Amino acid sequence: AQVIGLIAMGFVAYAFVTFTRSFNTAGSVYAFNGSALGPGYGFVSAWLLLLVYLSFAAGVYASTADIGQTLLASLGLHVGWLWLGLAGAVLALILALTSIGFSSLVILVCEGASIALITAVAIAVLLAGGYHGTGLTAAPFSPHGVSLGVLALGVTAVFGQFSGFESASALGEEAHRSTRTIPAAITWSLVGSAAVYIFFTWIVYSAYPSPAAVAASPAPLVHIAGTYLGPDVGIAVNAAGLISAFGAQLACLNAAARLLYALGREAGGPGKFLTRVWPRHGSPAGAIAVGGVLSVAGLAAFGSEATATRAATLIIQYGAYLILAAYLLTVIAAAVWTWRTRRRPVPLVVLATGVAVLGYVVYRTFVPFPAAPFSWIVLAGAGSLAAGAAVLLIPGLRGRLRRSPLLAVTTAAIRPVPGTRAGA
């Protein structure tokens, strides 16, 4: 599922790189897709991606709480997962208000420390030859008779794991040489995250006798670390996982805030609070505050779930369904953009293939229709898409979007091929 997800995500990354090589704004897909296919199309795309970032932030709050519970339990302490999730959300909100340079450094340190420690665990598993010395095989890369429908569910879950690589596109107004650094960040974020997920998932399955054994373990990497390197290392890996999850929730909150800021700037009067900037750090304080409240509300909505794992799964799956739609809309827009600006055959073929691949993933995800509780999440996602279209019916909004100075500038970036008309 992760390998197939990486292939599909490669087309999405190509679409984002196509746009970010030309221009970058905090509006991300709003500006990209709006320049290619109009402000309404761009707004709905940004609406979906905003909900993705907010739901992923809420889901990772729960995931962080789950890891925190395991860590505290190993120390003899027991705290409700919702309280741990709220504490992590407050800390992420405080750090998000600092400069983007500082909060990005925090994210990098969190993820780097975590990967360094679990790499040591992976080396121990490799040196031991996996489970009983015979676990290092290619078996985890075989479908083992799994149906396409179930595999598609796994691929959708992978979209939840890998997604976020494109969030660098929302930092274009805070980056130097953005048309070089942002495309590189997007590309290497996808390559790096995919390499980490695929390699360490293979390590986990190699260290267990069966997939059922992996599923039965509440914290597989912690168990592996304890088994191969001792219980103290297991606790350290648990702490590293907590730090890594915190970095992820901070990244989601940062991306959501930049997108909220851009949409508030486009909306004008009703969105004035969203465009408030903290002079000391240059951070979008108003958008961060609103994003923080909305993401915490998403967490609280699932606070009655018995376990943090179940809450995280349901919340992140909602975002994964929405991001499928947002990614498909962006690849379509990139194909249109390429057709209108360059009409080079290779990019057009790549993007057309991407539309077909993502379209098939969407089809296999929803046909046959997922069983409960995922069926309810699909319906919630469909309702969210409809709500985004309904927002466009607010009196005066479409007119403000059509007069958008941002889209006027980005649309002017289109260099029409001979015989075509610019700015259509």
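Predicted model: local features only at pLDDT ≥ 70, side-chain atom pairs only at ≥ 80, totals over all residues.
Hi everyone, let's start inside a helix: serine 55 lies in helix 3. Is serine 55 buried or exposed? With a relative accessible area of 7%, serine 55 is buried, because anything under 20% gets that label. And who are its partners? Leaving out residues up to four places away in sequence, serine 55 touches Ile315, Tyr318 and Gly319.

Now let's stay with helix 3 and look at how it packs. Two packed helices are described by the angle between their axes and the distance between the axes. Helix 3 covers residues 39–74, and helix 2 covers residues 29–37. Their axes are 7 Å apart, and the helices pack at an angle of about 155°. Angles over 145 degrees count as roughly antiparallel, and helix 2 and helix 3 are therefore roughly antiparallel to each other. Their crossing is right-handed.

Which residues make that contact? From helix 2 we have Val29, Tyr30, Asn33, Gly34 and Leu37, and they meet Pro39, Tyr41, Gly42, Phe43, Ser45, Ala46 and Leu49 of helix 3. Sorted by type, the residues of this contact are eight nonpolar, four polar and no charged.

Helix 2 also holds serine 35. Serine 35 is buried, with a relative accessible area of 2%.

On to another pair of helices. Helix 1 takes in residues 2–20 and helix 7 takes in residues 178–206; their axes come within 9 Å and cross at roughly 175°. So helix 1 and helix 7 are also roughly antiparallel to each other. On the helix 1 side, the contact residues include Leu6, Met9, Ala13 and Phe16. On the helix 7 side, Ile182, Ile186, Leu190 and Tyr197 are among them. How many of the residues in this contact are nonpolar, polar and charged? They divide into 13 nonpolar, seven polar and no charged.

Where do charged side chains come in, then? Side chains of opposite charge can pair when their charged atoms come close. A search of the whole structure finds one salt bridge. In it, the side chain of arginine 310 meets that of glutamate 305, at 2.9 Å from N to O. Arginine 310 has 41% relative accessibility, so it counts as partly exposed.

How values were computed
Residues numbered from 1 in each chain as written. Heavy atoms only, no water. Salt bridge = Lys/Arg side-chain N within 4 Å of Asp/Glu carboxyl O. Buried < 20%, exposed > 50% of the residue type's maximum accessible area, 1.4 Å probe, protein only. Axes fitted to C-alpha atoms, helices over the stretch in contact; angles between N-to-C directions. Helix = DSSP H or I, 4+ residues; strand = E, 2+ residues; numbered from the N terminus. Parallel < 35°, antiparallel > 145°, perpendicular 65-115°, else oblique. Left-handed = near helix turned anticlockwise from the far one by under 90°. Contact = heavy atoms within 4.5 Å. Nonpolar A, V, L, I, M, F, W, Y, C, P; charged D, E, K, R; others polar.
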